[in-house]
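Visitor: I'm new to this one. Can you put it on screen and walk me through it?

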Amino acid sequence: MELSTWQEVFQEKAKELGKRDTWTLLPSDSLQPSPGWIQYKQNTFARFHCTSCKRWWGSAQVHIHFHFKLSWGEGWVKMRVFKQQCKHCKAAKLEEPEFTRQNIEIVLTNLQQRIQIKCYGLKIDKNPVLTSIYSGDMKGPHDRDHCEACSMGVCKWRACGEGQRDQASARPAQKCTANRQDDGPFLPRIVPPSPPTHENPVLPQADWTPLIGVIALGAGLLLRLLFR
Ligand SMILES: [Zn+2]
Ligand SMILES: [Zn+2]
């Protein structure tokens, strides 16, 4: 995971608050609700890479939990990012997601808005929550058997029932050849800034139409010359 990018964007967003308070982002592998901390959850898109079989897959259900509080001029944000496992490998380890900077900015802009509302009493309801950029046309339902958030009962699909898809939040952005392990077919096809996949390689397909046209033209001229 791109921790330095998260920290960098987080500090940009903290500066944009325009307050004298300092804000610190603390990544965590376990997050327990505690008094005084406000909880905020988001889902975003990210890609995963299996360290065993080397395949890539994308998921629009990458769950992120934030707990934050502001106290005596110091703001604290704890962040837990949930992992996923490769479904093709037995006893695969939980892999960390890889986010685009664009999605990190979207997630942290939403967090910034939440902090403005909860810690600074600002009413900015008019600002819509930004939706993540999906760079994969994922197939099938969310793969709950290989999702850390689902196994802990915090994943959205588990909470809201089967078969639901957040189509409204899908916003195609770029093309991508990513493999999709899960999630809905709500996106167009695709191409990502990230490494190529091992499955479904995209091979260039020859287009013979112009060549056939040239051959037909040549044959026509030849016949005309012969029978003139
Ligand atoms: Zn694998
Ligand atoms: Zn899940």
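Visitor: Which residues of α1 are buried?

Guide: V9, F10, K13 and A14. Buried means that 20 or more other C-beta atoms lie within 10 Å of a residue's own; 12 or fewer is exposed, in between is partly exposed, and C-beta atoms are placed from the backbone. Helices (DSSP H or I, at least four residues) and strands (E, at least two) are runs numbered from the N terminus.

Visitor: Where do they sit around the helix?

Guide: Seen down the axis of α1, the buried residues fall within an arc of 145°, so they line one face. The arc is taken over the directions from the helix axis to the C-beta atoms. S4 and K15, on the other side of α1, are exposed.

Visitor: Before we go on, what kind of model is this?

Guide: It is a predicted model: local features need pLDDT of at least 70, side-chain atom pairs count only at pLDDT 80 or more, and totals for chains, interfaces and linings use all residues. Residues are numbered from 1 along each chain as its sequence is written, while chains are lettered from A and ligands numbered from 1 in the order in which they are written.

Visitor: Back to α1. What do its buried residues pack against?

Guide: Against β1 (22-27) and α2. Contact here means C-beta atoms, placed from the backbone, within 7 Å.

Visitor: How do α1 and α2 pack?

Guide: Helix α1 (residues 3-16) and helix α2 (residues 101-120) pack at about 40°, with their axes 10 Å apart. The axes are lines fitted to C-alpha atoms over the stretch in contact, and angles run from 0 to 180 degrees between N-to-C directions.

Visitor: Which residues meet there?

Guide: From α1, T5, W6, V9, F10, K13 and E16. From α2, R101, I104, E105, L108, T109 and Q112. By class, that contact has five nonpolar, three polar and four charged residues. Ala, Val, Leu, Ile, Met, Phe, Trp, Tyr, Cys and Pro count as nonpolar; Asp, Glu, Lys and Arg as charged; the others, Gly among them, as polar.

Visitor: What else does α2 pack against?

Guide: Besides α1, the buried residues of α2 pack against β2 (38-49) and β3 (56-71). Those buried residues include I104, L108 and I115.

Visitor: What comes after each of these helices?

Guide: α1 is followed by G18, with a positive phi near 70°. α2 is followed by G121, with a positive phi near 65°.

Visitor: What about K54?

Guide: K54 has a positive phi of about 75°, although it is not a glycine. K54 lies in the loop between β2 and β3. It counts as exposed because it has 11 C-beta neighbours inside 10 Å.

Visitor: And A91?

Guide: A91 is not a glycine, yet its phi is positive, about 50°. A91 is found in the loop between β4 and α2. With 6 other C-beta atoms within 10 Å, A91 is exposed.

Visitor: Where is A92?

Guide: In the loop between β4 (74-81) and α2. A92 is partly exposed, with 16 other C-beta atoms within 10 Å. Leaving aside neighbours within four places in sequence, A92 is in contact with C50, S52, Q85 and C86.

Visitor: Now the whole chain. How many helices and strands?

Guide: Five helices and four strands. From the N terminus they run α-β-β-β-β-α-α-α-α. Of the 228 residues, 32% count as buried.

Methods. Contact = placed C-beta atoms within 7 Å.
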